[in-house]
Amino acid sequence: MTNRLVEHEITVDAPAAAVYRLIAEVENWPRIFPPTLHVDHLERGEDEERIRIWATANGEAKNWTSHRTLDPRGLRITFRQEVSSPPVAAMGGTWIVEPLADSACRVRLQHDYRAVDDDPDGLKWIDEAVDRNSRAELASLKQNVELAHAREELTFSFEDTVRIRGRAEDVYDFINEAHLWAERLPHVASVRLEEDTPGLQTLEMDTRAQDGSTHTTVSYRVTFPHHRIAYKQITLPALMTLHTGCWTFAQDEEGVTATSQHTVVLNTANIARVLGPGADVADARAYVRGALSTNSRATLGHARAYAENKR
């Protein structure tokens with residue numbers, strides 16, 4: 001069996017400990033790494049953990065479970081996929097963060113892997129996916145950690161919540177059945193939903209804005225019946241460089257707490273073009289939050305009506 005060994009590296013203008021912490025905290029990965037859609041902890045110890053990752057590779061969405069060993073003193077994280085997705089037979093590697101100065105470091109990302117049955121076409125596919133994703137992850141890590149140090153106000157999160165007198169299963173179904181949204185939601189003009197792998201959806205949607213214009217968005221969604229749907233938008237409006245979110249449904253004796261959560265990174269380069277020459281970051285934050293909250297509240301309102309009518 002042929003094992004391939006490759007390494008990629010990048011220099012980051014940020015303290016080594018801060019960069020290590022960013023890599024160690026996997027719940028932030030969808031915000032930091034373009035290929036990563038969602039990450040869940042399955043088990044968590046002091047220096048070892050099992051995580052499940054959903055990510056794109058060569059344009060295809062896949063998921064796998066990895067075991068990680070964390071070494072904060074040595075600034076190293078080793079990882080090994082427990083169950084890989086074909087054509088990958090085995091995959092592992094190491095993150096190594098090396099201090100260069102008080103406010104700079106080198107990040108090395110090593111991979112070792114082999115293809116199912118040592119198939120040369122499979123190995124070529126993995127080579128390309130690892131190279132593309134490693135370059136994208138390191139470049140994005142550099143950009144995001146340096147940006148976070150420079151301008152914290154560009155990244156923000158918020159949520160909208162409604163109480164529903166109904167069952168979590170019905171509220172979940174309404175959000176999960178996005179292929180019906182053009183019939184159920186006035187602000188959705190058209191929708192295309194694919195779910196080739198159960199629990200992993202591709203959602204393309206044309207949404208009407210308040211001014212009557214429509215814009216197209218594409219998202220990957222990861223579903224957890226009947227309590228959560230996480231998503232990452234991969235085509236973005238001009239004012240955002242990142243948009244991730246999560247719908248959650250918490251059942252209690254009196255009903256359901258349904259929440260729509262958003263995390264956004266603003267694209268400052270387009271603020272003047274979209275909002276006018278006098279607009280600033282605060283204006284962009286208010287505009288984006290208003291637009292996203294309006295749609296979230298509308299969707300939650302229709303989900304509430306649907307679930308309460310099912311009672």
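In the predicted model, strand 5 (residues 76–83) and strand 6 (residues 88–101) pair in the antiparallel sense over 5 bridges. Two strands are taken to pair if DSSP finds at least two bridges between them; strands (E, at least two residues) and helices (H or I, at least four residues) are DSSP runs, numbered from the N terminus. Within this pair, Arg 80 stands opposite Gly 92 in strand 6. Residues are numbered from 1 along each chain as its sequence is written. Because the model is predicted, local features need pLDDT of at least 70 and side-chain atom pairs count only at pLDDT 80 or more, while totals for chains, interfaces and linings use all residues; side-chain values use heavy atoms, with hydrogens and water left out.

An open sheet is formed by 7 strands in the order 1-7-6-5-4-3-2, with antiparallel pairing. Its edges are strand 1 (4–12) and strand 2 (36–44), each of which pairs on one side only. On average, neighbouring strands of this sheet are turned by 20 degrees against each other, direction ignored; axes are lines fitted to C-alpha atoms, for helices over the stretch in contact, and angles run from 0 to 180 degrees between N-to-C directions.

Helix 1 (residues 16–24) packs on this sheet and touches strand 1, strand 3 (48–57), strand 4 (60–71), strand 5, strand 6 and strand 7 (104–115), contact meaning heavy atoms within 4.5 Å. The direction of helix 1 makes about 160 degrees with that of strand 6. Since 7 of the 9 residues of helix 1 are buried, the helix is largely enclosed by the rest of the structure. Buried means under 20% relative accessible area (1.4 Å probe, protein chains only). The buried residues of helix 1 are Ala 16, Ala 18, Val 19, Tyr 20, Leu 22, Ile 23 and Ala 24.

Thr 197 has Leu 200 of strand 10 as its bridge partner. This hairpin has 2 residues between the strands, and Gly 199 takes a positive phi near 90 degrees. Strand 10 also runs antiparallel to strand 11 (residues 214–224), to which 9 bridges join it. Arg 208 stands opposite Thr 214 in strand 11. In the hairpin of strand 10 and strand 11, 5 residues lie between the strands, and Gly 212 in the turn has a positive phi of about 95 degrees.

The mean pLDDT of the protein is 92, and 98% of its residues reach 70 or more, pLDDT being the predictor's confidence in each residue, from 0 to 100.

Methods: Buried < 20%, exposed > 50% of the residue type's maximum accessible area, 1.4 Å probe, protein only.
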